[in-house]
Amino acid sequence: MIVENLKVPYYAVIFTTIVTENLEGYIETAERMEELAKLQKGYLGIESARSEVGITVSYWQNLEAIISWKNNIEHTEARNLGREKWYKQYQLRISKVEREYGFIK
């Protein structure tokens with residue numbers, strides 16, 4: 001699903017991953033992190049695709065909201081599990097979105 005009705009400017013956190021063979025508990029944790037992120041102040045939405053390369057983009061009102069999400073204890077525990085078990089590699093990018101446009105048929 002594409003997140004709509006975001007008002008610029010806002011921030012996008014882009015999380016790109018390559019997973020390991022051991023994905024025990026991965027899907028459940030990813031779903032829990034999405035549920036938990038939705039409860040954070042400043043959260044605006046999320047888009048995710050998981051295959052050979054996983055890409056998740058979450059949207060936030062400001063940098064303070066992103067830092068608050070990073071410091072969430074359950075999110076910290078999930079990141080640690082990711083480093084220990086699930087990810088061969090990941091990259092996180094934080095971008096300020098100043099312009100957007102789209103198309104709906």
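Modeller: Strands are DSSP runs of E with at least two residues, helices are runs of H or I with at least four, and both are numbered from the N terminus. This is a predicted model, in which local features need pLDDT of at least 70 and side-chain atom pairs pLDDT 80 or more, while totals for chains, interfaces and linings use all residues. Residues are numbered from 1 along each chain as its sequence is written, and side-chain values use heavy atoms, without hydrogens or water.

Strand 3 has two partners. Strand 1 pairs with strand 3 in the antiparallel sense, over seven bridges (pairing takes at least two DSSP bridges). Strand 2 (residues 43-49) also runs antiparallel to strand 3 (residues 54-60), and six bridges join them. A hairpin of four residues leads from strand 2 to strand 3.

Is strand 3 mostly covered or mostly open? Mostly covered: six of its seven residues are buried (buried is under 20% relative accessible area, exposed over 50%, partly exposed in between, with a 1.4 Å probe and protein chains only).

Strand 3 also reaches the largest pocket. It supplies at least two residues of the lining, as do strand 1 (10-19), helix 1 (26-38), helix 2 (63-70), helix 3 (73-86) and strand 4 (87-97). The largest pocket holds about 690 Å³ of space. Its lining counts 31 residues, and Phe15, Trp69, His75, Arg79 and Leu92 are the closest to its centre. A pocket is an open set of points on a 1 Å grid where a 1.4 Å probe fits, with protein on both sides within 12 Å along at least five of seven lines; lining residues have an atom within 4 Å of a point. By class, 20 of the lining residues are nonpolar, six polar and five charged.

Helix 1 is one of the contributors. Its 13 residues should span 18 Å at 1.5 Å a residue, and the end C-alpha atoms lie 19 Å apart, so the two agree (the expected span is 1.5 Å times one less than the number of residues). Buried in helix 1 are Tyr26, Thr29, Ala30, Met33, Glu34, Leu36 and Ala37. Seen down the axis, these buried residues fall within an arc of 170 degrees, so they line one face of helix 1. The arc is taken from the directions from the axis to the C-beta atoms. Turned away from that buried side are the exposed residues Glu28 and Lys38. Alanine 30 counts as buried because its relative accessibility is 14%. Alanine 30 and histidine 75 are 45 residues apart in sequence, yet 9.8 Å apart C-alpha to C-alpha.

Back to tyrosine 59. Tyr59 also lines the second largest pocket, along with residues including Ile2, Asn5, Tyr10, Tyr101 and Phe103. That pocket has a volume of about 240 Å³.

Asparagine 5 belongs to the segment before strand 1. Its phi is positive, near 65 degrees, in a residue other than glycine. Asparagine 5 is exposed, at 72% relative accessible area. Proline 9 lies in the segment before strand 1 too. The peptide bond from valine 8 to proline 9 is cis, with omega near 0 degrees. Most residues other than glycine have a negative phi, and most peptide bonds are trans.

Technical notes. Points joined across faces, edges and corners; volume = space filled by probe spheres on them. Nonpolar A, V, L, I, M, F, W, Y, C, P; charged D, E, K, R; others polar.
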